[in-house]
Amino acid sequence: MRRPPFTRREFIQGLAAASGTAAGSMLMSHQALAEQASDPRFLIVLCASGGGSIIDGPLAIRASESATPDTLNTFEDSLVTGWEGSPFRAVDLQGSSIGAIPASFSVTPSEFLARRRKDLMVSTWNRTSVNHAIGQRRAITGNEAWKGRTLQEMVAWQYGMDAPIPNVHLLAGMGYSERGTDATVPNYARGQIVPNPSIWPLSLDGRKGGAFPIEPEVLKAIRQHRNKVFEPATDFDRVFRDAPRLVEWKDLRGTPQERIEGYDLVQKLMFLDHSEAFPLADFGLSSSPAAQAVQAAFPKLGLDPLDASAALAFLLLKYRVSVSVTLGPNFDFVYDETVPYDDGASLPLNSVRNPPLAFDVSHQGHRAGQAVMWSRLYSVVDGLISLLENEDMGDGTSMWDRTLIYIASDFGREKTRPSGADDWGTGHSINNGVAAFSPLVPGDTLRGGVDPDTGLTYGFDPQTGDPEPGRNMAEAEVFSGLLGALGVDTSGSGLPDMPSMRS
Amino acid sequence: MLPERNRGTVRTCMMVAVLALAPACKDDPAAVKRDYSAKARVLPKSGEVWGRDLANGLALEEWELCRELGQLDCVSEAHRITLGGVEPARLGIDEPLETTPVSAPIAVDRVALSACSLRYERDVEGPAVIFGPVLDANRSSRFDWLQAREQVAQSLVRRLLSRDPKAEEVEALVATYDALDGISDNVLRDGSIGACMVVATSTEALFY
């Protein structure tokens, strides 16, 4: 059998040799990549699918601050919680409907931000599209700022050389999970789509958990016999041996397959317990050693796809399967049937976990939709931080010390409202801000600001971080700032340096 | 379409052109030696198509091939996207993934292991569809062991690849049993299942 054209390490070595010092980037050095892989940073892209409005999240505007509070998206002062010396706010809100959905809700983001704002940086920016798919893609490429490479690919490239699946996408069918357009990004750094977090681990072992037991040595011998004896004897394989799809397939059957099965991921990533509906024990499987911890952090993971994704995202990072994970709510309605009905006048309190279209339900009910969805994302951030804080890296730091959670949004929302309206519909807006939770960014810090009379955000000095009314931050600048916070080498990229976005 | 008279003229011209080029090709060692496609391009079968081929070849129902945890159909549910399928309604995946998922070869092995094992079990219970010759040879010394394995090998290629096998392919499949000598405690079973897996998960079975 012809061997694959190159292994992962050979690819990197070859790239380094070929590129020489042309790019001057650390990403071209095999030795540097090996070092980076042993001292990784982790990226979690949490997608505010549909358009999360920053002024409905941590940059809420008090009515008393605005010259036109009735027609602007402002909140009664009494609803807004703030903290001395902090730029951030939280709006605890209750309601009886989410747009046209008669579902009562109650959210208390103040509890979350009271604990977590020390690791929160918000950076303002102006986007370049109000189309969902395009906005999503540009949120991860900075509008193709660096040859169309994505944030996730860059992190996987730099830190993921030794991880079996460095870049995992738990959110399918969105621009956030698109591939970058730079062909020089190594294959190992490309995103792998995981369509169903609870079942996917079963595809990570050829025999464990199957209905027909077979010894591992037997399966290995069968595979070797296929690859080295039978296939080379077929005309099909001889004639089409250079077809790119066959080369790729045979490559995956080699080292990547051995690494995945060697990690015993079918067990480690299994976050559900044995049950009648999920009879693991009947097939010789058990849940992950970390299952109890993730179930405690995400108690609705059995019914809510976002919680299930968050659980798997943590396990992927914990077991060093990945260094970049992408997740977020999709556009499907998620309803919690375990919440009992109360008075029957509406769906039970907080039983609607994900309104249809996620943040984009704002077209019908902006205030309620944004409140429910921001709370939903905060809940995931909270769970992930709790878990990551407890993971010791062995050098006195925790995994959380090396992680950045980027809340990526399609775009912002319109800033105005019908006079005095409690809830209303909004369209898309290019003006918005980015929330990033991490010890790697300046905590409890706002880069830029909000004009309380227009609801529009404004920018900041990239070097000092000082607010600059009248300036708008470009997508490339924020993209570069996030890469910088993660320690990704951007030399030779032409990206602007954004020191004020890293701690 | 060209009239028959003209088609004959075209054929003649093409033949003359080929003959004229022949000496040049003969002098080119690379051209003489090359027995593979210079512009090779294959596409993966979707899991649905491969599963159907597998079910037909092994005389099983599609839903029987493999069920994760005894409940989820491997091809249409559990590994649907991994095996190149789409799911537009819930997942928003309306085209097969652009690149092969890293877990796809593992999922393929998993499905084939289940399907081939089931076929073997059914054949043991009888009436046998594929593994009858080796089962008979194991029961009675009247049957030749080598010949039995050759019959199974021929059957597997015919049923799973829809063509007759070459002698070297039969030889390779017969050797599957030998390859498991000293590794397996039941060479008859594991060799049969293994030979089936080898054919069912070969590139020829998975791509077109």
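In this predicted model, A:Ala90 is found in strand 3 of chain A, which covers residues 89-91. Is A:Ala90 buried or exposed? A:Ala90 counts as buried because 25 C-beta neighbours lie inside 10 Å, and the cut-off for a buried residue is 20 or more. Leaving aside residues up to four places away in sequence, A:Ala90 touches A:Thr81, A:Pro109, A:Ser110 and A:Leu113. A:Leu303, by comparison, stands 213 residues from A:Ala90 along the chain, and the C-alpha atoms of the two are separated by 27 Å.

Stepping back to the chain, the domain assignment divides chain A into domain 1 (27-204 + 265-501) and domain 2 (206-263). A distance of 38 Å separates the C-alpha centres of domain 1 and domain 2 of chain A. Where these domains meet, eleven residues of domain 1 of chain A are in contact with seven residues of domain 2 of chain A. On the domain 1 side of this contact, nine residues are nonpolar, one is polar and one is charged.

The contact between the chains comes next. Chain A contributes 57 residues to it and chain B contributes 56 residues. On the side of chain A that touches chain B, at least two residues each come from strand 8 (192-193), helix 6 (216-233), helix 7 (235-239), helix 8 (244-252) and helix 9 (255-262) of chain A. Helix 6 of chain A provides the largest share of that side, with ten residues. Sorted by class, the side of chain A that touches chain B holds 30 nonpolar, nine polar and 18 charged residues.

Key:
Residues are numbered from 1 along each chain as its sequence is written. Chains are lettered from A and ligands numbered from 1 in the order in which they are written. This is a predicted model: local features need pLDDT of at least 70, side-chain atom pairs count only at pLDDT 80 or more; totals for chains, interfaces and linings use all residues. Two residues are in contact if their C-beta atoms, placed from the backbone, lie within 7 Å. Helices (H or I, at least four residues) and strands (E, at least two) are DSSP runs, numbered from the N terminus. Ala, Val, Leu, Ile, Met, Phe, Trp, Tyr, Cys and Pro count as nonpolar, Asp, Glu, Lys and Arg as charged, and the others, Gly among them, as polar. Domain bounds come from an automatic or database domain assignment. A residue is buried if 20 or more other C-beta atoms lie within 10 Å of its own, exposed if 12 or fewer, and partly exposed in between; C-beta atoms are placed from the backbone.
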